[in-house]
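User: Please take me through this model, residue by residue and then by helix packing. Keep each answer to a stated value or name.

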Amino acid sequence: MTTTTPDPAALEAERARIREAHLQPAGQRPASTARGLHHTALISSDVERTIRFYQDVLGFPLTELIENRDYPGSSHFFFDIGHGNLLAFFDFPGLDVGPYAEVLGGLHHLAISVEPQRWEALVQRLTDAGVPHEVHSGVSVYFRDPDGARIELIADPLGEMYGSHVL
């Protein structure tokens with residue numbers, strides 16, 4: 001992989017061009033055709049380890065564990081992450097899916113909003129469980145799940161990011 005040093009002014013000019021071309025003011029945007037995120041699905045190498053992490057460490061209740069209709073023998077299981085949203089996982093027994101990798105078109109991180117009064121307790125739970133993590137701006141904590149997926153717990157309200165309205 002080759003790396004080049006980008007020109008910050010050129011990058012900001014490109015963001016400005018894209019905003020001008022595509023971003024409509026909040027009052028002028030049409031309503032979305034979607035009604036919400038049903039679930040995001042990640043891959044698990046160990047169902048029980050994933051359940052222990054997401055339910056026992058993070059406090060996201062397991063809501064269902066069924067067979068994956070697309071791959072016989074595979075599990076499809078779900079966690080409640082609040083506000084009517086689910087985080088789902090598949091395992092693929094017998095299929096070598098390889099280690100987690102951040103690739104173009106892949107997952108960079110999953111940001112999950114938590115109540116500010118719960119955020120500090122969750123950071124402490126990560127510490128107590130020995131999960132390496134990094135706190136940023138006093139409202140975000142980043143860590144990796146047992147299979148390497150990068151997760152962020154953010155205390156900002158849904159639709160806000162570091163004091164800016166993004167929705």
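**Local backbone and burial**

User: Is Ser137 buried or exposed?

Analyst: The relative accessibility of Ser137 is 61%. The classes are buried, under 20% relative accessible area, exposed, over 50%, and partly exposed in between, with a 1.4 Å probe and protein chains only. Ser137 therefore counts as exposed.

User: What limits apply to these values?

Analyst: The model is predicted, so local features need pLDDT of at least 70 and side-chain atom pairs count only at pLDDT 80 or more, while totals for chains, interfaces and linings use all residues. Residues are numbered from 1 along each chain as its sequence is written, and side-chain values use heavy atoms, with hydrogens and water left out.

User: Where is Ser137 found, and what is its phi?

Analyst: Ser137 sits in the loop that runs between strand E6 (133–136) and strand E7 (140–144). Strands (E, at least two residues) and helices (H or I, at least four) are DSSP runs numbered from the N terminus. Most residues other than glycine have a negative phi. Ser137 is not glycine and has a positive phi, near 55 degrees.

User: Which loop holds Tyr162, and what is the phi of Tyr162?

Analyst: Tyr162 is found in the loop between E9 and strand E10 (164–165). Its relative accessibility is 39%, so Tyr162 counts as partly exposed. Tyr162 is a residue other than glycine with a positive phi, near 50 degrees.

User: Is Ser75 buried or exposed?

Analyst: Ser75 lies in strand E3, residues 75–80. The relative accessible area of Ser75 is 17%, so the residue is buried.

User: Which residues beyond its sequence neighbours does Ser75 contact?

Analyst: Contact means heavy atoms within 4.5 Å. Neighbours of Ser75 within four places in sequence are left aside. The partners are then Val47, Leu65, Ile66, Asn68, Phe89, Phe90 and Asp91.

User: How far apart in space are Ser75 and Phe92?

Analyst: In sequence, Ser75 and Phe92 are separated by 17 residues. Taken C-alpha to C-alpha, their separation in space is 7.5 Å.

User: Is Thr40 buried or exposed, and which residues does Thr40 contact?

Analyst: Thr40 belongs to strand E1. With 18% relative accessibility, Thr40 counts as buried. Leaving aside neighbours within four places in sequence, Thr40 is in contact with Leu86, Leu87, Ala88 and Leu110.

**Helix packing**

User: How are H2 and H3 oriented to each other?

Analyst: Two packed helices are described by the angle between their axes and the distance between the axes. For helix H2 (residues 47–57) and H3 the angle is about 140 degrees and the axes are 11 Å apart; axes are lines fitted to C-alpha atoms over the stretch in contact, and angles run from 0 to 180 degrees between N-to-C directions. Under 35 degrees counts as roughly parallel, over 145 as roughly antiparallel, 65 to 115 as roughly perpendicular and the rest as oblique. H2 and H3 are therefore oblique.

User: Which residues make the contact between H2 and H3?

Analyst: From H2 the contributors are Gln55, Asp56 and Val57. From H3 they are Leu122, Arg125 and Leu126.

User: What classes of residue does the contact of H2 with H3 have?

Analyst: Ala, Val, Leu, Ile, Met, Phe, Trp, Tyr, Cys and Pro count as nonpolar, Asp, Glu, Lys and Arg as charged, and the others, Gly among them, as polar. By class, the contact of H2 with H3 has 3 nonpolar, 1 polar and 2 charged residues.
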